[in-house]
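This report describes one protein model, from its overall make-up to its side-chain pairs. The sequence and structure come before the details.

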Amino acid sequence: METSLRKRREDQKSIQSNEPKTTSLQKEVGLLSGICIIVGTIIGSGIFISPKSVLSNTEAVGPCLIIWAACGILATLGALCFAELGTMITKSGGEYPYLMEAFGPIPAYLFSWTSLFIIKPSSFAIICLSFAEYACAPFYAGCQPPVAVVKCLAAASILAITMVNALSVRLGSYVQNVFTAAKMVIVAIIIISGLVLLAQGNTKNFENSFEGTKLSVGAIGLAFYNGLWAYDGWNQLNYITEELRNPFRNLPLAIIIGIPLVTVCYILMNVSYFTVMTATELLQSQAVAVTFGDRVLYPASWVVPLFVAFSTIGAANGNCFTAGRLVYVAGREGHMLKVLSYISVKHLTPAPAIIFYGIIATIYIIPGDINSLVNYFSFAAWMFYGLTVLGLIVMRFTRKDLERPIKVPIFIPILVTLISVFLVLAPIISKPEWEYLYCMLFILSGTVFYFLFVHYKFGWAQKISKPITMHLQMLMEVVPAEEAPE
């Protein structure tokens, strides 16, 4: 019995902290920085792009605002599920270690594969393209900026953000805090301006706010897709659990404070938009926030594209800061090149993983089709969000022995799982597109690579990867995590 108890404790320890004690990802992220990462990653390009798409699917002001509130509630419920997972399995890498424990290596590998090549880099690319468009806008008044200029600026922003996060955890966290403060300025300007206009009696656009509503299952699903794109980032703090100070306390607190704060901001921003624009005018606007600024803040309307650019660059930084850790964990588990799990000797950051991630995101800049990237992203992301929360339900029965500092009521993960299934199927049912099939085929193709390079580990593959790893190790001055200095 004593042997059995000891074995159970060892198994639990391996799940909740299976890291060598010399692994030197620094615990530099406190509660404030955690909240800033959540707020900074969520409030990016989405709130300045998605209002048109949400409104076009709901066709009225009332349902539009309800969708925004519902998306915030769903994001909060999902994040609470992830908080239980994050404090139960205290490894960085977000969904990856959770899927590994719940379903085994194949689903975990497919998530890693999909995240590395679709979800994370496409999100990073979309945000940086949005940043580039808003940053160029003041210099090309009255016309669209050249595509080449936008793409070059987006690529430059990816390079800069990648370098900052590869150089220092503290520097990346500091940059995040600064840009989060900057973006909250533009959010506050829009909200306060809207509330002042509302108090002055500009309520005409809210009269008969449900008139003309023509909702269908497909339209609701697409409205949620676009609204949830603006909320994406609600799970980002789980990617850096190992770098959180006191994660059992700070992870749930950051979620409970951060996401409701974003939800309130989003609803108030949409209310502000509708104080100066009718539904028709909002749908015709090329850039909703810029139109709002032109009507309310002129002649100081230039501050809007400037601070929107700050907002998007902050979101891109938060995205890079967390996603680099996913690549790091995948390399550590042997699911990607081993060198991706190495740590910089000088800077104690997962530099190879972050640089790899930046390169993939830059490749996505070349086609630069934001709409297709959003579709790929949303379809793949909610497939794995749902699967991860389903894993939480499964582990309630299969791993009852695990310590759960946070335990959500079982109906919450069940509800989130069902909504995720709806979100994956709704766009396919309402408007079937080949891109969804291509995305699914690409995800499944990861099983081929898993069996060739991970499961069977063919000798010729090892012979090719070994000299590459050694060369990169010397070039970048990186070492395996267990050899990193304290």
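Buried means under 20% relative accessible area, exposed over 50%, and partly exposed in between (1.4 Å probe, protein chains only). The model is predicted: local features need pLDDT of at least 70, side-chain atom pairs count only at pLDDT 80 or more, and totals for chains, interfaces and linings use all residues. Residues are numbered from 1 along each chain as its sequence is written, and side-chain values use heavy atoms, with hydrogens and water left out.

**Cysteines**

Cys 64 is buried, at a relative accessible area of 0%. A disulfide is a pair of cysteine sulfur atoms within 2.5 Å, and a search of the whole structure finds zero of them. For Cys 64, the nearest cysteine sulfur is that of Cys 71, 9.8 Å away. Cys 152 is exposed, with a relative accessible area of 55%. The closest cysteine sulfur to that of Cys 152 is in Cys 136, and at 9.7 Å it is too far for a bond.

**Overall make-up**

Helices (H or I, at least four residues) and strands (E, at least two) are DSSP runs, numbered from the N terminus. The protein has 18 helices and two strands. Of its 486 residues, 57% are buried. With contact meaning heavy atoms within 4.5 Å, residues 24 or more positions apart account for 84% of the contacts with a separation of 6 or more. The accessible surface (Shrake-Rupley method, 1.4 Å probe; for residues, only the protein chains shown count as cover) comes to about 20300 Å², and 67% of it belongs to carbon and sulfur atoms.

**Salt bridges**

A salt bridge is a side-chain nitrogen of Lys or Arg within 4 Å of a carboxyl oxygen of Asp or Glu. The count by this rule is five; the table includes some of them.

| Salt bridge | N to O distance |
|---|---|
| Glu 84 and Arg 396 | 2.7 Å |
| Arg 404 and Glu 84 | 3.4 Å |
| Arg 399 and Glu 101 | 2.5 Å |

Glu 84 lies in helix H4 (residues 61-88) and Arg 396 in helix H15, so their bridge ties together parts 312 residues apart in sequence. Both Glu 84 and Arg 396 are buried. Arg 404 lies in the loop between H15 and helix H16 (411-430), so its pairing with Glu 84 in H4 ties together parts 320 residues apart. Arg 404 is buried too. Arg 399, in the loop between H15 and H16, pairs with Glu 101 of helix H5, so this bridge ties together parts 298 residues apart in sequence. Arg 399 is buried at 16%, whereas Glu 101 is partly exposed at 23% relative accessibility. Shared partners join Glu 84, Arg 396 and Arg 404 into one network.

**Aromatic pairs**

Rings of Phe, Tyr and Trp (its six-membered ring) pair if their centres lie within 6.5 Å; planes under 30 degrees apart count as stacked, over 60 as edge-to-face and the rest as tilted. This rule gives 22 aromatic pairs. In one of them, the ring centres of Trp 229 and Phe 377 are 5.1 Å apart with planes at 80°, so the pair is edge-to-face. Trp 229 lies in helix H9 (residues 217-231) and Phe 377 in helix H15 (residues 370-398), so the pair ties together parts 148 residues apart in sequence. Trp 229 is buried at 9% relative accessibility, and Phe 377 is buried at 3%.
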